[in-house]
Amino acid sequence: MPINVTRSSMPAFEEYCEEIKELWDSHWLTNMGVKHQQLEAQLKDYLAVPHVSLYTNGHLALENVIAAMNLPAGGEVITTPFTFASTTHAIVRNGLVPVFCDINDTDYTMDVTKIEGLITDKTCAIVPVHVYGNICDVEAIQAIADRHGLKVIYDAAHAFGVTYNGKGIGNFGDASMFSFHATKVYNTIEGGAVTFADSALDAVLYDMRNFGICGPEEVAYVGGNAKMNEFQAAMGICNLRHLNGEIEKRKAVVERYRKRLSGVSGIRLCENQENVVSNYAYFPVFFTGDFTRDMAAEKLAEQGIFARKYFTPLLNDCEAYGFRGDETPVAKAAAEQVLTLPLYPELSMDDVDRICGILRENLR
């Protein structure tokens, strides 16, 4: 069997069937039904946040929460190019202009020392991205935002369940978006959510994901259809029961990778962050020597092992955003060097050792 970069977590077939059984009685399949409401309440507790709004996917969650901030048309939003295309697309599809800030080479999140140099009189928000389970410097970013009166909306697609100083990561900034895509640590098949503290956003986000309808005969917003259905929510309810155990298994895989690859010449690993409880979402390796990332991917693929060049391409090196990758040299280098290795709870230690053996042999 091939070893893919990830494998979706799923409950036992019987457990999921039992969870969806009542849907055949109610025939209530979407439009914020019982399962939807149950999952929202459970996630509020699990993430330890004041408010949660569920969505059919993470991209629409991010688009909606940016729209809910009422940012000025044509305003500039400082973000990172070292992310999935969804982040920047959500900004642009709201009529805003992305301004790309470079990343640091320690945890590969936004370089907070470069943010203020990018602020102009058009800047209205910052959209930083937590990557691989590493979190941004939330304190420095908030201090900058407070000084300049900016909104902060985190793309936390990689950070579900992560805590910083004992506090759920969804409590920072004005809002955070989480992705529940099938490839993530926690999934609802497809899905996503927004967490936030301002109770005024609750009704706005509720209505925006339902075409802007806020009453039987009233449409208050130009909304869309972004509702999570009951089958997605049921999968989320099941997966949440097993999540802590799944994360522990991922941790064991990561620790094995670190044991076998730490100190190996020609590669660089992310450093563990202080006061952060990780979710072990991804295991990125950065190839810095003559044995390149592309060579590593090819050698692994020859053995039926499929790693991922994540994130490649760099967003500001894409045609859509002007081929300006040279403006963010750290991010450009990272995009050319990074390979995320297979990581999922069922990955055996023998397979981890085999992956590491292939890399170590070629790195020599």
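**Salt bridges, rings and strands: questions and answers**

Biologist: How far apart are the closest N and O atoms in the salt bridge that Asp294 forms with Arg293?

Modeller: A salt bridge is a side-chain nitrogen of Lys or Arg within 4 Å of a carboxyl oxygen of Asp or Glu. This is a predicted model, in which local features need pLDDT of at least 70, side-chain atom pairs count only at pLDDT 80 or more, and totals for chains, interfaces and linings use all residues. Residues are numbered from 1 along each chain as its sequence is written, and side-chain values use heavy atoms, with hydrogens and water left out. For Asp294 and Arg293, the closest N and O atoms are separated by 2.7 Å.

Biologist: Is Arg293 buried or exposed?

Modeller: A residue is buried under 20% relative accessible area, exposed over 50% and partly exposed in between (1.4 Å probe, protein chains only). Asp294, at 40%, is therefore partly exposed. The relative accessibility of Arg293 is 6%, so this residue counts as buried.

Biologist: Which residue forms a salt bridge with Asp294 at 3.1 Å between the closest N and O atoms?

Modeller: The partner with a closest N and O distance of 3.1 Å is Lys309. This residue lies in the loop between H9 and H10 whereas Asp294 is in helix H9, so the pair ties together parts 15 residues apart in sequence. Helices (H or I, at least four residues) and strands (E, at least two) are DSSP runs, numbered from the N terminus. With a relative accessible area of 35%, the residue counts as partly exposed, and its name is Lys309.

Biologist: What distance separates the closest N and O atoms of Glu246 and Lys249?

Modeller: Both residues belong to helix H8 (residues 230-261); because they are three residues apart, about one helical turn separates them. Glu246 is buried at 12%, while Lys249 is partly exposed at 44%. Their salt bridge has its closest N and O atoms at 3.9 Å.

Biologist: How many aromatic pairs does a search of the whole structure find?

Modeller: Rings of Phe, Tyr and Trp (its six-membered ring) pair if their centres lie within 6.5 Å; planes under 30 degrees apart count as stacked, over 60 as edge-to-face and the rest as tilted. Across the whole structure, the number of aromatic pairs is 18.

Biologist: Which kind of pair do the rings of Phe82 and Phe311 form?

Modeller: Phe82 lies in the loop between strand S2 (76-79) and helix H5 (85-92), and Phe311 in the loop between helix H9 (293-302) and helix H10 (329-337), so the pair ties together parts 229 residues apart in sequence. Phe82 is buried at 0% relative accessibility, and Phe311 is buried at 4%. The ring centres are 5.2 Å apart and the planes stand at 85°, so the pair is edge-to-face.

Biologist: Which kind of pair do Tyr108 and Phe286 form?

Modeller: Both Tyr108 and Phe286 are buried, and they belong to one aromatic cluster whose members include Phe82 and Phe311. Their ring centres lie 4.0 Å apart with planes at 10°, so the pair is stacked.

Biologist: Which residue in S13 stands opposite Tyr164?

Modeller: Two strands pair if DSSP finds at least two bridges between them. Three strands form an open, antiparallel sheet in the order S7-S6-S13. Strand S7 (167-168) and strand S13 (276-277) stand at the edges with a single partner each, so one side of each has no neighbour in the sheet. Strand S6 (residues 163-164) pairs with S13 over two bridges, and the residue in S13 opposite Tyr164 is Val276.
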